Amino acid sequence: MRDEGICRVGWASQAANFDLGKDAHGYGYGGTAKKAHQGKFLDFGEPFSKGDVVGCHLDLNHHKIEFSKNGKTFPTAFTLPATRSGALFPAFAMKNAELSVNFGIWLLISATL
């Protein structure tokens, strides 16, 4: 984050509303140390604010979403249904905040020979 506003980061489908985590189509982690999905805000991770680097990790092989703060990865935040279909996109919701983003992709491909 680049300032002291309120920010929630994560993943959402194209059907999600603009308030990340308040419907069934978005999964978020906020600076108040809450994870959000379907309008439920549960304690998770650590608070983050100006100067912190937050990672949003989508693992489609294991159907899970994880988050990290300054390189420290937290336990799995969300387990996705194995039958889930459709794309998830990087998403964020902010109020009086600035955010720098890096859409770097880590791709792990495993094969059995």
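1. Let's start with Arg-8, which is buried at a relative accessible area of 15% (buried is under 20% relative accessible area, exposed over 50%, partly exposed in between, with a 1.4 Å probe and protein chains only). Bear in mind that this is a predicted model, where local features need pLDDT of at least 70, side-chain atom pairs count only at pLDDT 80 or more, and totals for chains, interfaces and linings use all residues. Residues are numbered from 1 along each chain as its sequence is written, and side-chain values use heavy atoms, with hydrogens and water left out.

2. Where does Arg-8 sit? Its place is strand β1, residues 6–12 (helices, H or I of at least four residues, and strands, E of at least two, are DSSP runs numbered from the N terminus). The Arg-8 side chain makes a polar contact with the side chain of Asp-19, at 3.2 Å. A polar contact here is a pair of N or O atoms within 3.5 Å; within protein, one must be able to donate a hydrogen and the other to accept it, and residues adjacent in sequence count only if both atoms are side-chain atoms. Setting aside residues up to four places away in sequence, Arg-8 also touches others, including Leu-20, Tyr-29, Phe-41 and Phe-92 (contact means heavy atoms within 4.5 Å).

3. Now the rings: there are seven aromatic pairs in the structure. Rings of Phe, Tyr and Trp (its six-membered ring) pair if their centres lie within 6.5 Å; planes under 30 degrees apart count as stacked, over 60 as edge-to-face and the rest as tilted. Tyr-29 and Phe-67 make a tilted pair, because their planes are at 45°, with ring centres 5.3 Å apart. This pair links distant parts of the chain, with Tyr-29 in β2 (residues 26–30) and Phe-67 in β6 (residues 64–69), 38 residues apart. Both Tyr-29 and Phe-67 are buried.

4. Phe-44 and Phe-74 are edge-to-face, since their planes are at 75°, and their ring centres are 5.8 Å apart. Phe-44 is in the loop between β4 (40–43) and β5 (54–59), while Phe-74 is in the loop between β7 (72–73) and β8 (78–79), so the pair ties together parts 30 residues apart in sequence. Phe-44 counts as buried at 10% relative accessibility, and Phe-74 is buried with a relative accessible area of 7%. One aromatic cluster takes in Tyr-29, Phe-44, Phe-48, Phe-67 and Phe-74.

5. What about the cores? The largest nonpolar core has 14 residues, and those with the most contacts inside it are Tyr-27, Tyr-29, Phe-44, Ile-65, Phe-67 and Phe-78. Such a core is a set of buried Ala, Val, Leu, Ile, Met, Phe, Trp, Tyr and Cys residues joined through side-chain atoms within 4.5 Å. β1, β2 and β6 each supply at least two residues of this core, and β1 gives the most, with three. A second, separate core of five residues includes Ala-12, Ala-16, Leu-20 and Ala-91.

6. How many disulfides are there? The count comes to zero, with a disulfide taken as a pair of cysteine sulfur atoms within 2.5 Å. Cys-7 is in no disulfide, as its nearest cysteine sulfur, in Cys-56, is 8.7 Å away, and that distance is too far for a bond. Cys-7 counts as buried at 5% relative accessibility, whereas Cys-56 counts as partly exposed at 28%.
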